[in-house]
Amino acid sequence: MWVLCLATLIVISITHWVYRWRNPSCNGKLPPGSLGFPLLGESLQFFTPYTSSDINPFIKQRMNRYGPIFKTGFAGRPTVVSTDPKFNHLIFQQEGEMFKSWYPDTLNEILGKQNLGSLHGVVFKYVKNMVFKMFGPEGLKRMLSEVDQKACTTLQQWSCQDAVELMDATKRMIFDLTAKKLLSCDSKETLESLMANFVSFMEGLISLPLYIPGTAYYKCLQGRKRAMKKLKKMLHERREEPRKEESDFFDFVVEELSKEGTLLNEEIALDLMFSLLFASFETTSLALTYAIKALSDHPSVLKRLEEEHEAILKGREDPNSGLTWQEYKSMKFTLQVINETIRLANIVPGIFRKTIQEVKYGGYTIPEGWAIMICPPAVHLNPTLYEDPLSFNPWRWEGMEMSGASKHFMAFGGGMRFCVGADFAKVQMAVFLHNLVTKYKWRPIKGGNIVRNLGLRFPDGFYVRITEKDPWKYESE
Ligand code: HEM
Ligand SMILES: *[C@@H]1O[C@H](CO)[C@@H](O)[C@H](O)[C@H]1NC(C)=O
């Protein structure tokens with residue numbers, strides 16, 4: 001008899017639990033949508049891979065059914081998804097007031113509890129400023145010739161190979177360069193092993209968080225552990241023997257750590273180094289690979305790009321002088337190509353926040369403590385903001401500055417959490433494209449298929465054969 005009672009009790013409490021999850025209390029009208037099941041929410045549907053370059057079908061279906069703002073459940077949390085450009089803008093502007101940066105616990109476990117995304121207030125501003133000194137315009141001006149050199153020698157190496165897998169190869173190039181700027185690390189072995197740890201780290205980033213040997217998540221955390229150990233050792237060596245002249249980010253960190261009353265500590269510094277290496281190496285390489293694929297598919301864009309860069313070479317007094325900052329600034333069409341690439345690549349599929357007070361918007365009420373996911377692809381592929389949104393058309397950016405387009409472009413986030421590496425990524429891409437289209441031609445060999453599960457992926461890689469252009473072509477002109 002009591003077994004039956006117990007069974008009934010369990011059924012009742014589970015039903016109650018599901019009911020409570022599905023009908024959260026709220027002092028107003030919640031956005032429409034289903035929270036799915038407790039713990040899981042609708043995560044599985046959201047993570048289903050798809051091959052189109054359009055908005056994730058999970059999001060698109062719900063936009064059609066519920067409108068631009070709806071609720072769902074991710075990883076055991078009620079979450080409001082925003083595909084509304086105006087609301088997104090408000091969320092970015094209200095950082096620290098109505099919303100704050102928030103990422104799922106597993107991500108913080110992986111990126112470090114003190115990573116920039118989970119710092120707030122004064123410490124956040126302080127650390128962000130530090131990074132900006134390195135990767136803001138002044139820092140970039142100083143490193144331009146290095147970026148140019150790196151692109152030049154890398155392309156030379158690639159042109160000696162039968163085929164280059166661009167995802168892997170661009171990752172390597174960008175990782176080397178970033179590691180050099182951050183750590184002055186030139187040693188091939190150290191770079192190789194750091195990078196290997198980052199690769200296993202990436203693979204686990206979007207896996208189920210099971211900390212059991214053999215799982216991707218386990219490998220990921222192990223990768224982080226090893227990379228952090230290396231970084232820590234480097235930092236200690238540097239602290240014991242500070243270098244005379246500051247030249248990389250590590251010197252800068254050491255200097256800051258030694259100041260009295262500094263807000264920086266070793267843990268923040270190490271998590272920061274780790275996030276910077278991570279943030280730069282996966283994102284920019286994806287964008288660059290996507291750009292080269294788009295150029296392969298759109299000869300008219302490539303032709304216009306070549307014209308812009310050949311004009312730069314022709315305008316030089318000394319044809320062998322390296323790229324200058326003015327020349328970089330003059331690459332108008334190139335920056336349109338980069339904007340268009342980043343708009344369509346949609347490398348970051350969601351930006352997370354949390355409400356820190358009850359928020360009312362558009363007739364809806366979002367309770368305090370709920371997660372918010374801003375969905376940039378839904379804005380970038382919105383046909384009322386971008387005509388024929390799926391086509392790769394760099395010319396659409398002509399004169400866009402005037403029309404307040406920046407509110408409709410959120411690939412780098414917005415407000416005070418705006419990506420600190422945005423200009424660095426653009427410089428690297430522009431300089432690389434400059435070297436590529438002036439000296440080389442290429443032909444896709446295999447791969448290049450795109451799958452999206454969360455982010456953009458090239459599951460079979462993208463192989464190209466790169467060859468030098470006929471050097472006589474310019475001299476005869
Ligand atoms: C195409 C390349 C890139 C894309 C699409 C991209 C995208 C983003 C986005 C969307 C955010 C905002 C996240 C949020 O609001 O929560 C962000 C933040 C950030 N990005 Fe990037 N990023 C790129 C390249 C880079 C590079 C090269 C670096 C390294 C220097 C970098 C470092 C960072 C850092 C440190 C943050 C955190 C800023 C903060 O919390 O205030 N990113 N990025
Ligand atoms: C690229 O997009 C940004 C953000 O909308 C905009 O401010 C910038 O002017 C665009 N650049 C070009 C060359 O169109």
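Let's start with a pair of residues: S101 has R353 in β5 as its bridge partner. Strands are DSSP runs of E, at least two residues, and helices runs of H or I, at least four, numbered from the N terminus; two strands pair if DSSP finds at least two bridges between them.

This is a predicted model, where local features need pLDDT of at least 70 and side-chain atom pairs pLDDT 80 or more, while totals for chains, interfaces and linings use all residues. Residues are numbered from 1 along each chain as its sequence is written, chains are lettered from A and ligands numbered from 1 in the order written, and side-chain values use heavy atoms, without hydrogens or water.

The open sheet runs β1-β2-β8-β5-β3, with mixed pairing. β1 (69-74) and β3 (99-101) sit at the edges with a single partner strand each, so one side of each has no neighbour in the sheet.

R353 also turns up at ligand 1, among the closest of the 22 residues around it (a heavy atom within 4 Å). Here are some polar contacts, meaning N or O pairs within 3.5 Å:

| Side chain | Distance to a ligand 1 oxygen |
|---|---|
| K128 | 2.9 Å |
| R353 | 2.8 Å |
| R417 | 3.2 Å |

As for the rest of the shell, α12 (266-297) gives the largest share, five residues.

How values were computed. Polar contact = N/O pair within 3.5 Å; in protein donor to acceptor, adjacent residues only side chain to side chain.
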